[in-house]
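Biologist: Could we go through a protein chain together, one question at a time? Please show it to me first.

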Amino acid sequence: MIRLTHLLTTVLICALQLTGIATFAQTGRWMKFEKAFTSAKSYSDPLYDLKTFDVQFMSPSGKKKTVSGFWDGESSWKVRFAPDETGNWTYRSICSDTLNSGLHNVTGQFSCVASKSSLAIYTKGSIVHPKGSYSLTHADGTPFFFTACTAWNGTLKSTDAEWSMYLQDRVRNQYNVIQFAATQWRGCAANSEGQVAFEGSGHIRINPAYFRHLDKKIDEINQYGLVAAPVLLWALPVAEGRELSPGYYLPDGEAALLARYMVARYGGNQVIWILGGDGKYIQEYEQRWKNIGRAVFNREHPGVVALHPGGQSWIGKEYAQEDWLDIVGYQTGHDSNPSTIRWITDGPVAREWGKLPPKVLINMEPVYERIGPNLVDKDVRNASYWSLFSTPVSGITYGAAGIWPWLRLGEEVLNHGKAEGLPTWDECIKLPGSVQIGYMNALMTRYNWWQLKPAQDLLAEQPATPNALNRYVAVVRSDDHKTVMAYVPTEGTVKLYNPFNHVYQAQWFNPVTNQSAAATLNSQSGMITAKAQGADDKILILTTK
């Protein structure tokens, strides 16, 4: 009887496969579901020969979700996505070549079960941008304080052991996002196996072997509970090596085609898309990038979308009505000059954010630690806290001279000058600023950080002067004034208005040591004063009793 049952089961499975109905499988909620398809026809140019290969999923509650599939070499096609409901899902493939029985009208089902993982990306869900808000959350509404590390060349150059070591360290230091270049670019011409993502310009050819190498790196990012943030199209339009960067030299159509391929391939991962990296997205390039963004993301898609502009380029006004863009990134530059401090604290970002529709605003490239011999952890903290408090609080990015190029001893950095004297990637993850940005995450997540907005009007006296901008005190508060924070970069007295005469508990937080201590307040006549002592910068934190 047992043998007969086994035989009947085998016959049934074979029959289902022959009729194009997939057998039952299970996937954890928010985890990657992958379904492979075998084309019944050969295509000499798959990326162009098939205009459409989508899979329409039906959730247990009856919601439809259309997901793009992708070519994975020879006759292999796949679809990936992260199911957001537990229960039984069904699907049906839709191919522009309706005569291809391997790709068109293939149906099946799978079961989504509660994930056994304890990682937040699988228990709380994908990262989303709630409409009308200035911050990110998980799908279940849990706030997500964006804390990224920049490893542009990490997925391209790292060995398996190096990548694991790096990701483990970033988790220990409370990072939650990894930024990296998804293709060859001006800083790295090929991956560690000598492969490039694509070839050509006016007509491109995808290299699936390159992307299979990248698959493993991105999967491991998620395995450690981190969110992957690939730069899809590096875009710097100037400087040596720009001919290697797809966002610079590909025509609009091919740039969008390449980006759509990567969105389809990695849409089943937990991701934040960075459409362009280090680009110019305004003036003569504005329409190009709007065209690309709309072509890639003006349809149903997983993940939130960011743009990472070049140094001190503000795109907020020009992209205010682009609904596909969730994160307005900016980059403040790699120095601590007075002009840079002024741009962070009193430039277009600080002045204009409140005049625009709500989007997430993040400095995606503050000064890199040790990019110059005198650029150290204090410069990183200054730029990071000033940036964090210059707009509604949402997050920050860290970078170091040796991490972004994945620099090893004796190596040079392609198209970026001499690397002599720069610390290696594994030295950089131990630098003070690298650790202290993790402290920032720990600090902010102890409070309702998503309620905090700039409040320079509370500062009775600004100690910074045109000749001492490094003394700039930045203030944020909640709408009800029940939480107030002031970043105090130097020793001195902080004077704050207290218009509602709240009775506050006060602490000084030291961002160097990650230690807190009670602060002594002098409160009278709607005014609060507190004295910051010691050489380290500090954050004054006021909360109502």
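This is a predicted model: local features need pLDDT of at least 70, side-chain atom pairs count only at pLDDT 80 or more; totals for chains, interfaces and linings use all residues.

Biologist: How many helices and strands does the chain have?

Modeller: Helices (H or I, at least four residues) and strands (E, at least two) are DSSP runs, numbered from the N terminus. By that count, the chain has 14 helices and 30 strands.

Biologist: What is the radius of gyration of the chain?

Modeller: This value is taken over C-alpha atoms, and the globule rule is 2.2 Å times the number of residues to the power 0.38. For 545 residues the rule gives 24 Å, and the chain comes close to that, so it is as compact as a globular protein of that length. The radius of gyration is 25 Å.

Biologist: What share of the residues is buried?

Modeller: Buried means under 20% relative accessible area, exposed over 50%, and partly exposed in between (1.4 Å probe, protein chains only). Of the 545 residues in the chain, the buried share is 57%.

Biologist: Is Cys 188 buried or exposed?

Modeller: Its relative accessibility is 8%. Because of that value, Cys 188 counts as buried.

Biologist: Where is Ala 189, and which residues does it contact?

Modeller: Ala 189 lies in the loop between strand S13 (177-181) and strand S14 (198-200), and it is partly exposed, with a relative accessible area of 38%. Contact means heavy atoms within 4.5 Å. Leaving aside neighbours within four places in sequence, Ala 189 touches Gln 184, Val 196, Leu 244 and Leu 414.

Biologist: How far apart in space are Ala 189 and Leu 414?

Modeller: In sequence, 225 residues separate Ala 189 and Leu 414. From C-alpha to C-alpha, their distance in space is 8.0 Å.

Biologist: Which residues is Asn 173 in contact with?

Modeller: Asn 173 sits in the loop between helix H5 (160-172) and S13, and at 13% relative accessibility it counts as buried. Leaving aside neighbours within four places in sequence, its contacts are Val 435 and Gly 438.

Conventions. Residues are numbered from 1 along each chain as its sequence is written. Side-chain values use heavy atoms; hydrogens and water are left out.
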